[in-house]
Amino acid sequence: VNLLNPSLIVLGGGLVNAGDVLLASAREALRCYTMMGIIEDLEIRLSKLGVDASALGRAIIAMDDVFAP
């Protein structure tokens, strides 16, 4: 976060089952470990893909490999 300064972080996979507990912990950790002002505009969300996010991502990469020119 300190290096790239993203505007959005999306947490996915099995982590989304922790819901608001995970979001609160992530926000607290970011407050403790990032430089001042970095997280002012940072948004943290849980993936809507849930536990399937990793599998779907890998499937997309595989399809790109198969159908790449």
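Author: What follows takes the labels one by one. This is a predicted model, where local features need pLDDT of at least 70, side-chain atom pairs count only at pLDDT 80 or more, and totals for chains, interfaces and linings use all residues. Residues are numbered from 1 along each chain as its sequence is written, and side-chain values use heavy atoms, with hydrogens and water left out.

Reader: Why is Thr34 called buried?

Author: Buried means under 20% relative accessible area, exposed over 50%, partly exposed in between (1.4 Å probe, protein chains only). Thr34 has 16%, so Thr34 is buried.

Reader: Why is Val66 called exposed?

Author: The relative accessible area of Val66 is 58%, which is over 50%, so the label is exposed.

Reader: What makes the contact between Leu30 and Thr34 a polar one?

Author: A polar contact is a pair of N or O atoms within 3.5 Å; within protein, one must be able to donate a hydrogen and the other to accept it, and residues adjacent in sequence count only if both atoms are side-chain atoms. The backbone oxygen of Leu30 lies 2.5 Å from a polar side-chain atom of Thr34, so the distance is within the limit.

Reader: How do you know that strands E1 and E2 pair?

Author: Strands (E, at least two residues) and helices (H or I, at least four) are DSSP runs, numbered from the N terminus. Two strands pair if DSSP finds at least two bridges between them. E1 (residues 8–11) and E2 (residues 43–46) have four bridges, in the parallel sense, so they pair.
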